[in-house]
Structures are given as C-alpha cells and as structure tokens.
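Here are a few quick notes from going through this one. Have the model open while you read, and click along as we go.

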Amino acid sequence: MRPEMHLALHHVRAAELRAEADAYRLAAAARRSQHLRTRLGWALVEVGLRLAATPKAAAAVP
C-alpha cells in the first residue's frame, strides 16, 4: 500500500473515532442530567407530600 493511501485512511479513521468519542460524551452528559432531574423530581414530591399532610396539633407554650 502506498504511504499516501495509508495516511489518508488513517485520517479518515481518526475522524470517525473523534466523532464516536463526541457522541459518547454527549450521551454521558445526558445521562448525568437525567439522574439529577430524577433526584430533584423525587425531592419535590417529598416536599409536596409533607405540605399536603395533615398538620399536627401544636403544643401549648405557657
């Protein structure tokens, strides 16, 4: 194989690998934000349930 052809194939493969790495980084970032969104959602549900619970009688302070 001629050196110029080998170099051209190398550049094509390197570009493909860079594109795959970028796609992986974007997917990983999306997973992290989804995890944070889930945690925040459950925290808001818990706060809502506490607000909706019947209030307890307050103890009288003399």
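**Notes on salt bridges and a surface patch**

1. Start with R50 and E46: their side chains form a salt bridge, with the closest N and O atoms 2.9 Å apart. Both residues sit in helix α1, 4 residues apart, so about one turn of the helix lies between them. Keep in mind that this is a predicted model.

2. How open is that pair to the outside? R50 counts as exposed because its relative accessibility is 64%, over the 50% cut-off. E46 has a relative accessible area of 43%, so this one is partly exposed.

3. Next, have a look at R13 and E16, whose side chains meet in a salt bridge at 3.3 Å, N to O. These two are 3 residues apart in helix α1, which means about one helical turn separates them. R13 is partly exposed at 42% relative accessibility, and E16 is partly exposed too, with 39%.

4. Then there's E4 with R2, a salt bridge whose closest N and O atoms are 3.6 Å apart. E4 comes out as exposed at 52% relative accessibility, and R2 is exposed at 61%.

5. How many salt bridges does a search of the whole structure find? The count is 4, and the pairs above are among them.

6. Last, the nonpolar side of things: M1, M5 and L9 make a surface patch of about 360 Å². M1 belongs to the segment before α1, the helix that covers 3-52. With 75% relative accessibility, M1 counts as exposed.

Technical notes: Residues are numbered from 1 along each chain as its sequence is written. This is a predicted model: local features need pLDDT of at least 70, side-chain atom pairs count only at pLDDT 80 or more; totals for chains, interfaces and linings use all residues. Side-chain values use heavy atoms; hydrogens and water are left out. Patches are made of residues with over 30% relative accessible area and no salt bridge: like charges are joined within 9 Å, nonpolar side chains (Val, Leu, Ile, Met, Phe, Trp, Tyr) within 5 Å. Accessible areas come from the Shrake-Rupley method with a 1.4 Å probe; for residues, only the protein chains shown count as cover. Buried means under 20% relative accessible area, exposed over 50%, partly exposed in between (1.4 Å probe, protein chains only).
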